[in-house]
Amino acid sequence: MLVVWLGALCVLSGLLFIATQPIWRGRLSEARRRKSSAVSRDAAMKPAEPMTLEPRRPGAGFGLKANWPGLVLIVLGGFLLLAGAGYYYGGLPQ
């Protein structure tokens, strides 16, 4: 049963690693601060730049170079889960 738990832990750790890499890699958008806190009504109605959190260029996204440890953990966990299932259920009579 320990093998199954280790496999599940490896898979979850790998997924968590892959999910956190884009978050901690960098800022999602460039925050622009105005020098003056006073904004005219016309400027508030028609902003010069779109008010969005999307970055100007695409992010790094999913790359094998940055996420290979997470993928290795997922594959290792899958093998451990299959090995545990084969050990516990392989000897049952059919």
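How much accessible surface does the chain have, and what share of it belongs to carbon and sulfur atoms? The accessible surface comes to about 8500 Å², and 67% of it belongs to carbon and sulfur atoms. Such areas come from the Shrake-Rupley method with a 1.4 Å probe, and for residues only the protein chains shown count as cover.

The model is predicted: local features need pLDDT of at least 70, side-chain atom pairs count only at pLDDT 80 or more, and totals for chains, interfaces and linings use all residues. Residues are numbered from 1 along each chain as its sequence is written, and side-chain values use heavy atoms, with hydrogens and water left out.

The chain holds three helices and zero strands, in the order α-α-α from the N terminus. Helices (H or I, at least four residues) and strands (E, at least two) are DSSP runs, numbered from the N terminus. Of the 94 residues, 10% are buried. Buried means under 20% relative accessible area, exposed over 50%, and partly exposed in between (1.4 Å probe, protein chains only).

Val4 lies in helix H1, residues 2-25. Val4 is partly exposed, because its relative accessible area is 24%. In sequence Val4 and Ala85 are 81 residues apart, yet their C-alpha atoms are 7.4 Å apart in space. Leaving aside neighbours within four places in sequence, Val4 is in contact (heavy atoms within 4.5 Å) with Leu81, Gly84 and Tyr88. Across the chain, 91% of the contacts between residues at least 6 apart in sequence join residues at least 24 apart.

Tyr87 has its place in helix H3. Tyr87 counts as exposed because its relative accessible area is 65%.
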